[in-house]
Amino acid sequence: MKSKSLQQEKVERILESEKTSDSSFIGEAPKNNVETAEFDEFGSLRLLLLSQEQSKISQLEAKVKTLQSQLDTLPPATSKEVSDVLPKAIKHRNKIDNQLSKATLPIVVDNIRQSVKENPQILAEALFPAIGPAIRKAIAEALATMVQSLNQTIEYSFSPRSIKWRLEAFQTGKSFAEVVLIKTLLYRVEEIFLIHKETGLLIQHVSANIGKGQDADMVSAMLTAIQDFVRDSFSNSADANLDTLTLGELSVWIERSQDLLFAAVIRGNAPLSLREKFQTSLEEIVIDQEDEINNFQGEVDSFERSRPVLQECLQYQLGNENQSRGKVTPFNFGVAFIGLLLCVAGIFWFIDYWRWTSYVADLKNQKGIVVTETERGWFYHSVQGLRDPTAADPINLLKTYSLNSEKTFSRWEEYQSSNPEIILKRANFLLNPPKDVSLTFADGILLINGNATKQWVDNAKLVAAAIVGIKEVRTNNVSINDLKEKLEALNVFFVCKSVDYEKDQNQTISDIANQLTELKNVAKTQNINIRFESQGNADGKGSTDTNNKISLKRAEKLAESVRSISPDLKDLEIKPNGLGATEKVGCSASIEATLEQ
Amino acid sequence: MINKKICMLGASGVGKTSLVQRFVRSIYSGKYHMTIGVKIDKKQISVAGEDVTLMLWDLQGEDEEFKIRPSFLRGASGYFLVVDSTRHETLVNAFAIQKMIEIELGTKTGSEIPFVVLLNKSDLIDNIQISAVEVQEFENKGWQIIITSAKTGEMVEESFIELTKKILKIS
C-alpha cells in the first residue's frame with residue numbers, strides 16, 4: 001500500500017515536471033547525476049506510458065522541420081501574386097465587415113491631403129467633371145425655383161383670391177404660405193418611410209420638409225403595429241394587408257415587398273399611377289440592397305444609398321385652379337348660362353344706350369330742332385319736340401345711328417326757327433336764287449350777291465319781306481345799266497385835227513376795254529343782247545365834211561385799239577360811227593352800248 | 001447605427017409603461033394608465049462603444065380578458081418579462097408568456113430570443129411576495145433576474161443596458 005502510494009507520488013511528480021517543462025521531458029535526458037538511476041526508472045515508465053505519443057511527436061517534429069526547410073527555400077511572395085489575390089481579398093473582407101474601410105480611411109485621408117498639398121490641380125481636374133454639372137444643375141434649379149416663387153408671389157400677392165386666402169390664414173391662425181400651399185396643391189408626397197416589415201424598424205426616411213413631423217422611427221413602428229392590429233382584428237388571413245390609411249386630406253399609401261414596407265404620406269388626391277412609381281422604386285431598392293435586407297440586424301446606415309430613390313418619389317403637383325373649380329354641375333351650368341345671357345343682354349343694352357344718347361345729342365345740336373322730351377325703353381324709344389320744316393329730318397338721322405325707325409316714336413310740332421342758319425335756309429328755299437346768285441344773312445339783313453335780273457331781284461325783295469326774321473333785303477347785284485353808264489362815261493381824247501391820241505390816253509383805253517369785257521360778260525349771264533358802237537367826235541372848227549370824216553376815223557381807231565388790248569375782244573363787233581362836230585366833247589371818241597332785252 | 005426592437009411584456013399593471021417612461025424620459029407618475037394595444041417609444045443608448053437605438057414596444061398587459069398579440073412580438077430582438085414583486089400571480093403569468101414566446105417565435109427563428117426578467121416595484125419592500133428561493137430557481141434556469149423600481153429608478157437603465165448587451169452578445 002505504501003509502495004503503491006510512493007509510485008503514485010512519483011507519477012505525480014513526473015506529470016508535474018512535464019507541465020513545467022515539456023522540452024526537458026520529451027526531448028532531453030535529465031542532467032542531474034544523483035537522480036540518474038531514478039530517472040532510468042522513470043524513463044522506463046515513460047516509455048511504458050507515453051511511447052505512442054512520443055513517436056507521434058517525433059513524426060510531427062520531423063514534418064514541421066521539413067515544411068520549415070521547404071518554406072525557407074521558397075522565394076518570397078511576389079507583388080504579382082499578391083495583386084492576384086488582393087482585390088478578391090478586399091471584396092471578401094468588405095462583405096464580412098467594414099474593418100478594412102476603417103483601417104484604410106486614415107491612409108486615404110492622408111493621401112488626399114498630401115495630394116492636395118502638393119498639387120491641388122490634380123484633385124480639381126478629377127472633380128471637375130462631377131462638380132461642374134452638379135453646380136450648373138444646382139444653379140438652374142435655384143433659378144427655376146426663384147422664378148416660380150416670384151411668379152407665385154406676384155400672382156398670390158395681387159389677386160382677389162390672395163385676399164381671401166389671407167383672410168382665411170388670419171382666421172385659422174395658419175401662415176399665409178401654408179394656406180397657399182394647401183389651396184394650390186393637387187397632391188404632394190410629404191414623407192416616405194421605408195420600414196423593415198418584421199421588426200417595424202425604420203430603414204430609411206425622406207421628407208418634403210413641410211412642418212415639423214413626428215419622430216420617423218416611432219411613426220414607422222406605430223404604422224407596423226397598426227397594420228398588425230388591423231390584420232389581427234378584422235381579418236383571418238395573414239396575407240391581408242392594409243394598403244391605405246386616410247385622415248382628412250392626408251392619406252398613407254403602403255406598398256410592400258417580402259421584407260419591406262414602403263409607406264408614403266400624401267396630402268391631397270394623388271393619381272393611382274403614383275402607386276406604380278412607389279412599387280417600382282421599392283423593387284429597385286430590394287434588388288439593389290438584397291444582401292443588406294436579407295441580413296438585416298438593425299443596421300440602417302447601409303441603406304443610405306436608397307435615399308435618392310425615395311427622394312424621387314417625393315412628387316407633387318400643383319392644382320389648376322380652373323380645373324379644381326370647374327366641375328360642371330347643372331347648377332354651375334345654369335349660372336354660367338344665365339351669366340352669359342346677362343352679359344350678352346348687357347352688351348346689347350349698352351350699344352343701344354350709346355346709340356340712343358348719341359342720336360338725342362345730335363338732335364339737340366341740330367339747328368331748327370328743339371327736343372322737349374325723350375324716353376328710352378327696352379323695346380321702344382320715343383322723342384318729341386319742335387321742328388322747323390327746313391331742319392334736318394330726324395327720321396333720316398335715326399339711320400345714321402343704326403336705330404330702328406319702326407321702334408322709335410317721333411312727334412314733331414312745326415315752328416319757325418329764328419336761328420340765322422334756318423332763316424337763310426328758309427330764304428333759299430323760298431327765293432330759289434339763280435345759279436350765280438347767293439344769299440347771306442346776318443343781323444336780320446338778307447344780302448343778295450351775284451348777278452340777278454332786276455325782275456328776280458324785285459320779286460325776291462317782295463318775298464323776303466314776308467319771311468320771319470328778315471328785317472331788310474339788300475342787294476349786292478351789279479347793274480348792267482351801271483356798267484353801261486360807266487363805259488359810256490369814258491372818253492378818249494385826240495389831238496385836234498388829227499387821229500392821234502393825246503398824251504396819257506392809254507389808261508382810258510385800257511379802262512374802256514375792261515369795262516367793255518365786264519359788260520359783255522354780264523349781258524351774257526343775264527341773257528341780254530348787246531351792241532357796241534364806237535362814236536367819234538370833232539371840234540367843229542373845220543368843215544362839216546372834214547369833221548365827219550375825222551370823227552369816223554377817230555371812232556374806227558378807238559374800236560381798233562380796244563380790240564387789240566384783250567384777246568376776248570378781238571372779234572367783238574364794234575360799229576364805228578363818226579358823229580361829226582359835237583361841241584360838247586370836242587376831239588374825242590367813246591363807246592356806246594345798246595341793250596336789247 | 002443599429003436599431004433594435006424590444007418588447008415590454010408582463011401582466012397588466014406590473015409597471016411596463018412606468019419602466020419605459022423612467023428609462024426614456026426619467027419621469028414617474030403614480031397614476032395608473034392602462035395601455036391599450038401598444039405604445040411605442042424610442043431611446044438611443046451607447047453600449048460598449050456601439051450606438052444603439054432601442055425601439056420600445058410597450059404592449060398592453062395580459063389579463064384574463066386580453067392576451068398578448070404575437071404579431072406585435074414579431075421581429076423583436078429582445079424582451080423584458082416584467083413581474084410585479086407584490087403580486088405573485090404576475091410571476092406565473094411571466095412564465096406563461098415566456099413559454100408562449102418560445103413557441104411562437106423561438107421555433108420560427110430557431111434561436112432563443114434574449115430576455116431579462118424584471119422584478120419591479122422593489123420600493124414596496126413590505127409587500128414583496130416573491131421569495132429569494134424563487135429568484136434562485138429562476139437563476140438556476142439561466143434566466144437573468146433584475147430587481148427594479150420604476151418609482152426610484154433603481155436598476156432601470158442598467159436593465160435596458162443589460163438586455164442590449166445580451167442582444168448584441170456582449171458579455
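The model is predicted.

Q: In what order do the elements of chain B run from the N terminus?
A: Chain B contains 5 helices and 6 strands. Read from the N terminus on, the order is β-α-β-β-α-β-α-β-α-β-α.

Q: What share of the contacts in chain B with a separation of 6 or more comes from residues 24 or more positions apart?
A: A contact here means heavy atoms within 4.5 Å. Among contacts in chain B with a separation of 6 or more, the share from residues 24 or more positions apart is 72%.

Q: How are the rings of Tyr79(B) and Phe115(B) arranged, and how many residues apart are they?
A: A search of the whole structure gives 16 aromatic pairs over all chains. In the pair of Tyr79(B) and Phe115(B), the centres are 5.1 Å apart with 10° between the planes, and the pair is stacked. Tyr79(B) belongs to strand E4 (residues 78-84) and Phe115(B) to strand E5 (residues 115-120) of chain B, so the pair links distant parts of the chain. The two are 36 residues apart.

Q: Why does Phe138(B) count as buried?
A: Phe138(B) forms a stacked aromatic pair with Trp143(B), at 5.4 Å centre to centre and 5° between the planes. Buried means under 20% relative accessible area. Phe138(B) counts as buried because its relative accessible area is 2%.

Q: Is Trp143(B) buried or exposed?
A: Trp143(B) belongs to one aromatic cluster with Tyr79(B), Phe95(B), Phe115(B) and Phe138(B). The relative accessible area of Trp143(B) is 12%, so Trp143(B) is buried.

Q: Which residue lies over the face of Trp253(A)?
A: For a charge to sit over a ring, NZ of Lys or CZ of Arg must be within 6 Å of the ring centre. In chain B, Lys43(B) lies over the face of Phe23(B), at 5.3 Å from the ring centre. Over the face of Trp253(A), at 4.9 Å from the ring centre, lies Arg275(A).

Q: Which elements give two or more residues to the lining of the second largest pocket?
A: The second largest pocket has a volume of about 660 Å³. Its lining consists of 21 residues, with Asn94(A), Lys95(A), Ile96(A), Asp97(A) and Ser302(A) nearest the centre. The elements giving two or more residues are helix H4 (79-96) and helix H11 (290-294) of chain A.

Note on methods
Residues numbered from 1 in each chain as written. Chains lettered and ligands numbered in written order. Predicted model: local features only at pLDDT ≥ 70, side-chain atom pairs only at ≥ 80, totals over all residues. Heavy atoms only, no water. Phe/Tyr/Trp six-rings, centres within 6.5 Å; stacked < 30°, edge-to-face > 60°. Helix = DSSP H or I, 4+ residues; strand = E, 2+ residues; numbered from the N terminus. Buried < 20%, exposed > 50% of the residue type's maximum accessible area, 1.4 Å probe, protein only. Lys NZ or Arg CZ within 6 Å of the ring centre and 35° of its normal. 1 Å grid on protein atoms, 1.4 Å probe; cavity = no way out; pocket = protein on both sides within 12 Å on 5 of 7 lines; lining within 4 Å. Points joined across faces, edges and corners; volume = space filled by probe spheres on them.
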